[in-house]
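The structure comes first, then the details.

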Amino acid sequence: MVAMWVATSLLVWALVPHLSFLHALVIGSCVTPTDPVLSNVIVKGKFADHNVPKELQRIIIAESGANDGLGYPFLFFALYLIKYVGDGGIAEQGGAGLAMGLWFGETWGYTIIVSIIYGAVVGWLAKEMLHWAEERKFVDRESFLVFAISLALFIVGTCGMIWSDDILACFIAGNVFTWDDWFRLETLDDSLQPTVDMLLNVSIFMWYGAVCPWHTFLENNVIPLYRLVPLGILVLLFRRLPWVFALHKYIPQIEETRQAIFVGFFGPVGVSAIFYLYITVEFLGTLGFDGEPRADVANLEETVRVVVWFLAICSIVVHGLSIPLGKLGFYLPRTLSRTVTSPNGNDQEDTPPFRFGVRVSSRFSGVITGRRPGRASGTDVSTPVTPISTGPALKIGGSAIPAARHPEAAVAGKTVDERSTIEPGTGLETGSEPPGDSRAGTAGSSGLAPRTIRFPDEVTPEGRMDYGRI
């Protein structure tokens with residue numbers, strides 16, 4: 001995270017004109033944390049479940065949740081230095097020593113450590129109380145499902161009252177609350193929390209689109225567009241990817257090079273960046289006299305707004321479209337290959353199309369012919385089709401007919417070597433005729449002795465019914 005902070009700050013310092021490195025550290029600290037909301041959207045879903053290992057999904061979500069709350073030290077390190085050192089110590093007395101004292105005491109001692117302790121205690125108490133209530137059937141299913149959402153709202157509200165880090169406290173409380181994996185397993189098949197999560201995510205991004213200062217990307221006094229666009233590209237490429245790739249051998253969950261590239265690329269900038277943006281604007285509002293900002297930070301607020309918003313929009317677009325574009329790149333070559341290989345777009349080129357009105361077919365010398373009455377002349381139109389089954393002929397009752405058993409004349413076009421075959425698209429057995437058609441036929445040309453197959457409703461030449469005899 002430190003490498004991400006320094007790399008982003010260097011890029012901002014290099015491309016934003018008339019900006020000091022101390023001010024660039026403020027902007028870099030806003031966009032350094034990996035956004036948990038956008039990360040959850042990217043690594044969840046059918047495509048991610050089939051193509052992203054579970055270990056990588058968990059490490060991205062865990063890292064984004066921790067980084068989101070740990071952005072406070074990086075941000076206030078630069079803000080305290082700006083306050084006490086930025087103007088040469090004219091407006092604020094104390095210098096760098098006081099700035100570092102406040103950074104260690106307030107930021108680390110109170111904001112970070114108190115948030116961790118508070119989140120751990122509240123999460124553990126909530127887990128034990130829910131276990132106790134569930135064992136005694138004091139909580140119904142509806143209340144059980146919304147318990148985690150209520151817990152998150154409670155922590156956010158109480159941390160806001162004591163001026164602590166509510167994001168980090170929620171992250172710690174969630175980890176402690178599901179430490180034994182009991183609550184997750186109990187709500188595994190429920191769709192309430194994913195639905196609420198989706199609604200909140202959609203609402204946040206709709207709010208982004210509504211309040212984003214789109215016009216300032218073109219009209220501002222701090223950075224032109226031809227510098228802003230390269231800054232967005234370079235930040236997406238060098239903010240996270242080189243450092244994850246360099247250290248991936250020391251991360252057990254990352255086993256392959258392509259996994260390291262994937263984890264390094266998916267470090268989105270989103271909700272957390274805008275959150276720290278508003279904290280920065282609020283802090284800068286205290287640096288001034290009679291409502292007028294100090295001279296050294298006169299343009300810093302506008303710079304932070306333009307750059308942070310632009311980087312967040314770039315990340316939302318690029319990382320948000322990565323999964324759909326990945327699916328397109330995965331399926332499009334296969335679709336084009338099938339289309340080029342087969343004229344009908346089907347790999348099975350020999351399969352005949354389905355047609356209504358196809359009559360029964362018989363096979364002679366390995367070829368099945370389907371006969372369909374002609375519409376005008378009443379003649380038959382023959383179409384060669386592919387045989388599907390080559391099993392032996394069976395008599396009624398299921399046993400196979402031995403060769404040359406009854407040298408009788410063939411009836412209904414069935415011969416000794418003929419086997420039962422289903423014609424594709426018709427669902428009819430070859431060698432049989434539809435009701436109402438003639439069953440007279442000729443003996444096959446296989447050279448084997450013909451024989452007769454009679455059915456229970458047929459009359460023998462002697463004038464009596466033949467009930468299943470062959």
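## H7 and H9

H7 passes H9 in a right-handed crossing (left-handed if the near helix is turned anticlockwise from the far one by less than a right angle, right-handed if clockwise). The model is predicted: local features need pLDDT of at least 70, side-chain atom pairs count only at pLDDT 80 or more, and totals for chains, interfaces and linings use all residues. Residues are numbered from 1 along each chain as its sequence is written, and side-chain values use heavy atoms, with hydrogens and water left out.

H7 spans residues 95-135 and H9 residues 147-161. Helices here are DSSP runs (H or I, at least four residues), numbered from the N terminus. The two axes come within 11 Å and cross at roughly 150°. Axes are lines fitted to C-alpha atoms over the stretch in contact, and angles run from 0 to 180 degrees between N-to-C directions. H7 and H9 are therefore roughly antiparallel (an angle over 145 degrees).

H7 brings Tyr118, Val122, Ala126 and Leu130 to the contact (heavy atoms within 4.5 Å). From H9 come Phe147, Leu151, Phe154, Ile155, Thr158 and Cys159. By class, this contact has 9 nonpolar, 1 polar and no charged residues. Ala, Val, Leu, Ile, Met, Phe, Trp, Tyr, Cys and Pro count as nonpolar, Asp, Glu, Lys and Arg as charged, and the others, Gly among them, as polar.

## H1 and H13

H1 (residues 2-15) and H13 (residues 225-238) have axes that come within 10 Å and cross at roughly 165°. They are therefore roughly antiparallel. The crossing of H1 past H13 is right-handed.

On the H1 side, Ala7, Thr8, Leu11, Val12, Ala14 and Leu15 make the contact. They meet Arg227, Pro230, Leu231, Leu234, Val235 and Phe238 of H13. The class count is 10 nonpolar, 1 polar and 1 charged.

## H2 and H6

H2 (residues 21-31) packs on H6 at about 155°, with the axes 8 Å apart. H2 passes H6 in a left-handed crossing. In H2, Leu22, His23, Leu25, Val26, Ser29 and Cys30 meet Phe74, Leu75, Ala78, Leu79, Leu81 and Ile82 of H6. This contact has 10 nonpolar, 2 polar and no charged residues.

## The second largest pocket

The second largest pocket holds about 580 Å³ of space. On a 1 Å grid over the protein atoms alone, a pocket is an open set of points where a 1.4 Å probe fits, with protein on both sides within 12 Å along at least five of seven lines. The volume is the space filled by probe spheres set on the points, which are joined across faces, edges and corners.

Its lining has 19 residues (an atom within 4 Å of a point). Tyr72, Phe76, Trp163, Ile279 and Glu282 lie nearest the centre. H6 (71-85), H7, H9 and H16 (271-284) each give two or more residues. H7 gives the largest share, 5 residues. By class, the lining has 10 nonpolar, 5 polar and 4 charged residues.

Technical notes. Angles under 35 degrees count as roughly parallel, over 145 as roughly antiparallel, 65 to 115 as roughly perpendicular and the rest as oblique.
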